[in-house]
Amino acid sequence: MKILDNSAESRFEIHVDGQLAGFAEYKLLPSTIVFTHTEVKPEFEGQGLAGELVAHALDASRDTGLKVRPVCPYVARYISRHPEYKDLLEEE
């Protein structure tokens, strides 16, 4: 499994055995990353890949000092279930 930030496509990608298995799309603002959509291809569902992908994306956001705006329902649910990421949320 490999996770990378494909900034040209504005998305984090997760690859399994060299195949694109899923992605988390984002829009980058000056101090905030807006996660808009997360998707795992059907043939890769049920393996916990979305969680791995979102955790990596949130850790990368923390490392670069970005606040997070979770427009994507999956990312919002992930943060609500993992309180260690709540400090990343953009203040309203």
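This report walks through the salt bridges in a predicted model.

## How to read the model

Residues are numbered from 1 along each chain as its sequence is written. Because this is a predicted model, local features need pLDDT of at least 70, side-chain atom pairs count only at pLDDT 80 or more, and totals for chains, interfaces and linings use all residues, while side-chain values use heavy atoms, leaving out hydrogens and water.

## Counting the salt bridges

Side chains of opposite charge can pair when their charged atoms come close. A salt bridge here is a side-chain nitrogen of Lys or Arg within 4 Å of a carboxyl oxygen of Asp or Glu. With this rule, the count is 3 salt bridges.

## A buried pair

Let's start with Arg11 and Glu13, whose side chains form a salt bridge with 2.8 Å from N to O. Both residues are buried (under 20% relative accessible area, where over 50% is exposed and anything in between is partly exposed, using a 1.4 Å probe and protein chains only).

Next comes the salt bridge between Arg62 and Asp87, at 2.7 Å from N to O. This pair links distant parts of the chain, 25 residues apart: Arg62 lies in helix 1 (residues 49-64) and Asp87 in the segment after helix 2 (73-81). Helices (H or I, at least four residues) and strands (E, at least two) are DSSP runs, numbered from the N terminus. Arg62 is partly exposed at 33% relative accessible area, and Asp87 is partly exposed at 45%.

Arg69 and Glu90 form a salt bridge too, with their closest N and O atoms 2.6 Å apart. Here Arg69 sits in strand 5 (residues 67-70) and Glu90 in the segment after helix 2, so the pair links distant parts of the chain, 21 residues apart. Arg69 is partly exposed, with a relative accessible area of 33%, and Glu90 is partly exposed at 26%.
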